[in-house]
Amino acid sequence: MFQEEIAKQLSVLTEIEANKILECIESTKNKDMADFAVPIPKLNKFKKLVGKPDQLAIDFASKIQLNDCIQGASATGNYLNFKVNRLLQVQEILKDVISQKERYGMTEQGKGKKVIVEFSSPNIAKPFHAGHLRSTIIGNFMINLFKDLGYETVSMNYLGDWGKQYGLLAVGFEKYGSEEELLADPIKHLYNVYVQINGDAEKEEEAKKKYAEEIAAGLEPTAPLQTTPTIHDTARAYFKRMEDGDAAALSIWKRFRDLSIVKYKDIYERLNVKFDIYAGESLVTEGMAVEFKKLQDKNLLEDSQGAKVIDLSKPNKLGKVLVQKTDGTTLYITRDIAAAVDRKNNIGFDKMYYVVASQQDFHFRQLFDILGKMDYPWTKDLTHINYGMVKGMSTRKGTVVFLEDILNKTQKKMLKIMKQNEQKFAEIEDPEKVADIVGLSAVVIQDFNAKRNKDYDFNWDRMLKSDGDTGPYLQYAHARLCSLERKSGFEFNPNANLTLLSEPEAFNLAITIGRYPEIIQLTHNQLEPSTLVGYLFELAHAVSSAHQVLWIKDREKDIAEARFVLYWAAKVILGSGLRILGLVPLERM
C-alpha cells in the first residue's frame with residue numbers, strides 16, 4: 001500500500017513506470033528519519049534523469065502530495081525519504097499476515113521452473129563429520145526456500161562412491177575388517193579401516209623415501225627396498241577391476257555402499273533432511289563413454305605421457321585438466337561431466353546448483369569451462385554455491401569429529417538445561433526428541449550465523465553454546481509465543497481492533513514483521529542463510545522488548561485481542577523462518 005503510493009506519485013514526477021520504481025524503494029533501518037527511502041541514482045537505470053541526484057531529491061520532496069498514507073517527504077543527500085501513517089502501516093502489515101498466514105512473504109516467482117540442488121554428497125565409507133554438515137544444511141535451506149517461492153525442486157545426494165579410495169578400502173578391509181563391527185556401525189568401522197590402511201600406506205612411502213635418501217648419501221640402507229606391490233598399487237589395481245566390471249570387486253564395493261546409505265538415512269532423518277534422489281559417481285559409467293567420445297570428436301583431448309588431458313589455459317587460464325589416467329581409469333571431473341549431461345537429459349532443469357566447499361572453486365570453474373567447450377548451451381544455468389571449511393579435522397589422520405557424536409553431545413547438554421525447570425520439563429511430551437531439536441538448532445544456527453564463505457575452526461564450546469544469539473534462543477522465543485497464546489486467556493480474533501496498537505514497541509515489532517517479504521527476496525538473491533538468521537534474531541529481540549510492556553493477561557478485551565494478533569503474527573513469521581532453515585519450530589521447551 002505505502003510503497004505503491006510512493007511509486008505512483010514518483011511515476012508522475014519522473015515518467016518512469018510505477019512497477020519499476022517499486023524495485024528501488026527501500027525500507028529504512030533508522031525509523032526516526034524515515035520509513036521508506038528511494039536512492040535517486042537507482043532510477044537512472046530506467047530513465048536518465050536530468051539534474052544532480054541531490055537536487056532532484058529536494059525537488060521531488062517538495063512536490064510529493066501528503067495524504068492518509070504519506071505523511072512526510074524530505075531529502076537527505078541523494079535519498080528521497082518518506083514518513084508514512086504508522087498506525088495504518090501496522091494495521092496493513094498485520095492484516096496481510098492474517099490473510100496469508102504461513103504464506104506471508106512467499107511468492108510464486110519460481111512457478112514453471114525446475115531447480116536441482118546437489119548437496120551433502122559424502123564419500124561412502126568415510127565419516128559424516130562436521131565438514132559434511134555445512135553442505136547438508138546449506139543445501140536443505142536452499143531446497144526449502146525454493147519450494148516456498150514456487151519452484152519445482154529436486155534434492156540430490158551425489159554420493160562419492162567411486163575411485164581409487166574404494167580400492168584402498170577393500171585392501172584395508174581384507175586386513176583390518178570385522179563383519180561384526182561392519183554390521184553394527186558400517187560408516188564408523190569403514191572409517192577406522194580407512195585410517196589404519198592409510199597409516200600403513202604412509203609408512204611404506206616414508207620407508208621408500210628413506211631408502212632413496214640413504215642411497216643418495218652413499219649409506220648402507222637400514223631396510224631393503226620393498227619389491228612387492230605397494231598398498232597404493234594394489235588399491236589402483238582393485239579400482240581398475242571395478243571399472244572393468246569385475247563382479248567380485250563390485251560385490252564388495254556394493255555391500256559397503258548399501259550399508260553406508262542405510263546409516264546415512266538415519267542421520268539425515270535426524271537432521272530433518274530428505275532427498276528425492278540418491279545418485280552417485282558409480283551410476284554414470286555408461287554416460288562417461290558417450291561424453292568421452294564427444295570430447296574426442298571435438299578435438300578437446302590431448303595425449304600426455306599416455307594419459308588424456310584437456311587444455312583450458314586459453315582464454316580463462318585454467319591450466320590442463322587430467323580426464324583419464326594412463327591405466328584408462330577416470331577421474332572425478334570426468335564423472336562430473338557425464339553426471340551433468342545425464343541430469344539435463346533425464347531430469348531436466350532451469351538451474352542446477354552444486355553446494356560444495358570453496359576448496360573446489362577451481363574444479364567447478366574447470367568443469368563449467370569444459371561443458372561450455374562441448375557446446376552445451378545450458379552451462380550458463382550451472383552455479384557452484386561454495387562455503388568455507390570447518391578446520392582442524394583430517395580423515396586420513398583420524399582427527400575428524402563425527403556428526404552423530406556432535407548431535408548426541410548437544411542433545412545431552414540441552415536435556416540437562418531443560419531439566420533445570422522441573423515444571424516446564426514435566427509438560428514436554430517427548431523430552432529427548434525436543435532436546436535433539438534444540439541441539440540441532442544450536443549446531444545449525446552457529447553455522448548460519450556468519451556468511452557461508454567464512455572458514456571456522458571446529459570448537460566444542462561453539463557447537464554447545466545455548467545462551468546469547470543462538471539456535472536455542474530462537475526456539476525459546478517461538479516456544480514462549482506459543483505459551484503466551486495458551487496462557488493468555490484469550491483466543492485469536494482476526495477482526496481485532498488493530499488501531500489500539502499505538503505503542504512504540506508495537507510499531508517496532510509490526511515493522512520488523514513487515515520486513516519479512518523483503519528479507520526473503522534478499523535471501524533468495526544471495527542464497528545466504530545468514531541473512532535470514534540475522535533477521536530472525538532482530539525479530540526475536542523485538543518480541544522480547546514488546547513482552548516487557550505489551551501484556552495480554554488481565555488487560556481489557558479489545559487491547560488484549562489486538563496484542564494477541566501482534567504476537568501471533570510474530571510467531572507465524574518466526575516459525576516460517578525456522579522451517580526454511582531446516583528446523584522444526586518448538587511449541588514447548
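The model is predicted, so local features need pLDDT of at least 70 and side-chain atom pairs pLDDT 80 or more, while totals for chains, interfaces and linings use all residues. Residues are numbered from 1 along each chain, and side-chain values use heavy atoms, without hydrogens or water.

Asp161 sits in the loop between strand E6 (152–159) and helix H7 (164–176). Its relative accessibility is 0%, so Asp161 counts as buried (under 20% relative accessible area, with a 1.4 Å probe and protein chains only). Beyond four places in sequence, its contacts (heavy atoms within 4.5 Å) include Ile124, Tyr166, Trp253 and Glu281.

Helix H5 covers residues 86–100. Helices here are DSSP runs of H or I with at least four residues, and strands are runs of E with at least two, numbered from the N terminus. The expected span is 1.5 Å times one less than the number of residues. For the 15 residues of H5 this gives 21 Å, and the end C-alpha atoms are 21 Å apart, which agrees.

Asn85 caps the N-terminal end of H5, with a side-chain oxygen 3.3 Å from the backbone nitrogen of Leu87. Lys101 follows H5 and has a positive phi, near 50°. The buried residues of H5 include Leu88, Val90, Ile93, Leu94 and Val97. Among the elements that cover the buried residues of H5 are helix H1 (2–14), strand E4 (79–84) and helix H23 (557–580).

Note on methods:
Buried means under 20% relative accessible area, exposed over 50%, partly exposed in between (1.4 Å probe, protein chains only). A polar contact is a pair of N or O atoms within 3.5 Å; within protein, one must be able to donate a hydrogen and the other to accept it, and residues adjacent in sequence count only if both atoms are side-chain atoms.
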